[in-house]
Amino acid sequence: MAAVVLKCLWNEFAAIVRNKAQHAARRKIENNPYSLQSINAHEPEVISKADTLLQRIISESAISKSHTVDVQVLCGLFSLEVICQVAFDQDINAESLDAGRAFLTAMGQASLIQPLSNTIPILGKTSLSEYIPGVIGRAYTQRRIWEETTRKLYRSFVNNLKEDYTDKFLAEPFVHKKDEYLGRILTEDEAIEEAMGLLFAGSGTTSTTILYILYHLSRPENRGIQLRLREELHAAGTTNFALTNLKYLNAVIKEAMRLNPSLIGSLPRILTTAVEAGEGKHKLVFPPGTLISMQNYVHHQDPSVYEDPHTFNPDRWLGVPLSSAREKAFTPYSLGPRNCIGQNLANLEIRLAVSHLVRHLDFKLNSEMEEAEMDMEDRFAALSKGGRLLLDVTQL
Ligand code: HEM
């Protein structure tokens, strides 16, 4: 019940949190480091993190008799390390992997009370909230850890920053760019809030996508897909440039994002003009002010657009024109001025990590895994219900 109430609150909150002008001004200051050119300049760091992920999987598989690895947390650590690097030029796991693990737990648990903290900000500002009994109090403790860790990363980044700003790192504009809506640069607290959102939006989303790609590839019925992908990769170069044009790799990624988009919940908006939908007696008119939303998870499985919609079939994307219904209904990053600002980074990360892993490792789904464990659960960002993905791994 509490989760349902919090979700409703979230939808209301997300739709109204920033008015158009406020949002546009904030997005304007943030844009530069997210451009394709700026993001592609981070390719060497992302390759290095993808190699760390590969080595971790190899080490963990070596200590199991059946070479079984739970890749879920490892994928989470990879995406977290990438976003900390690209946003703050920091290695969150420099001292130990425990730092990254604790941070992932903190963000995961605290996201539950994010709408509450934003609706009643005082709750997030006093340590008394941590004494609220049960799950809410515990979530506030995790929120404090999320905030403190972000502040540490941000301060360390700012202290090392040179004054001739290049906007190479995602957090750089927070330091020096004037927000036209506010008429000034952000205060440290505003920058931290922005950075917390960025770390949340940029970690679990990408790792969940990589996780589901590995899941689909490792299923027995998709064996041929994994082999075909590996064949394509072996015939190609390893750079992002080479990978961008690989048709089958891109089809595999798209198909996993279609079936398991990592933001599966409602993406709410409040209409500013009337919108008509449907035809004839099914026609509906939504007046301005209506709270509407779309759910990727639903329209990505619409049988009138995607034949045999529940089957993982990358071939459905080959040779499909951008103007097709299939392409138009594919919206993992949403659309319009509030769509995903981080999609260039997400694409870079997914392409480099998946290609690196599939080149060097063969994956089979471990027999202990139950199908229902990989059902998606909407906790603002999506997670798998089972909380693990056990794969039997062979080094190639
Ligand atoms: C596969 C990975 C990802 C998916 C599927 C995804 C999806 C989305 C979607 C659907 C939205 C729009 C939410 C809405 O309409 O209300 C969004 C917004 C956002 N995403 Fe992503 N995202 C991903 C990765 C990333 C990454 C890597 C970053 C950071 C570098 C990021 C940063 C953001 C931010 C900051 C917003 C809010 C944008 C705004 O309000 O203007 N995302 N994302």
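Which residues does Thr-208 touch, not counting residues up to four places away in sequence?

**View 1. Thr-208 and the residues it touches.** This is a predicted model, so keep that in mind for every view. Leaving out residues up to four places away in sequence, Thr-208 touches Ser-262, Met-376 and Ala-382. You'll find Thr-208 in helix H12, which covers residues 204-218.

**View 2. Cys-340 and the iron atom of the ligand.** The iron atom has a single donor from the protein: the SG atom of Cys-340, 2.3 Å away. Look for Cys-340 in the loop that runs between helix H17 (325-328) and helix H18 (343-360).

**View 3. Trp-146 and Phe-200, a tilted pair.** The count of aromatic pairs comes to six. In one of them, Trp-146 and Phe-200 have ring centres 5.8 Å apart and planes at 40°, so this pair is tilted. Trp-146 sits in helix H9 (residues 135-160) and Phe-200 in helix H11 (residues 188-201), so the pair ties together parts that are 54 residues apart in sequence. Are the two partners buried or exposed? Trp-146 is buried, with a relative accessible area of 3%, while Phe-200, at 23%, counts as partly exposed.

View 4. Tyr-306 and Trp-317 are both buried.

**View 5. A cluster of Phe rings.** Phe-88, Phe-157 and Phe-169 are linked into a cluster by ring pairs.

View 6. Most residues other than glycine have a negative phi. Now check Asp-89: its phi is near 55°, a positive value. Asp-89 is in the loop between helix H5 (71-88) and helix H6 (97-110), and at 40% relative accessibility it counts as partly exposed. For Asp-308, phi is near 50°, again a positive value in a residue other than glycine. Asp-308 lies in the loop between helix H16 (296-299) and H17. With a relative accessible area of 48%, Asp-308 is partly exposed.

Definitions and conventions: Residues numbered from 1 in each chain as written. Predicted model: local features only at pLDDT ≥ 70, side-chain atom pairs only at ≥ 80, totals over all residues. Heavy atoms only, no water. Donors = N, O, S within 2.8 Å, 3.2 Å for Na, K, Ca; no water. Helix = DSSP H or I, 4+ residues; strand = E, 2+ residues; numbered from the N terminus. Buried < 20%, exposed > 50% of the residue type's maximum accessible area, 1.4 Å probe, protein only. Contact = heavy atoms within 4.5 Å. Phe/Tyr/Trp six-rings, centres within 6.5 Å; stacked < 30°, edge-to-face > 60°.
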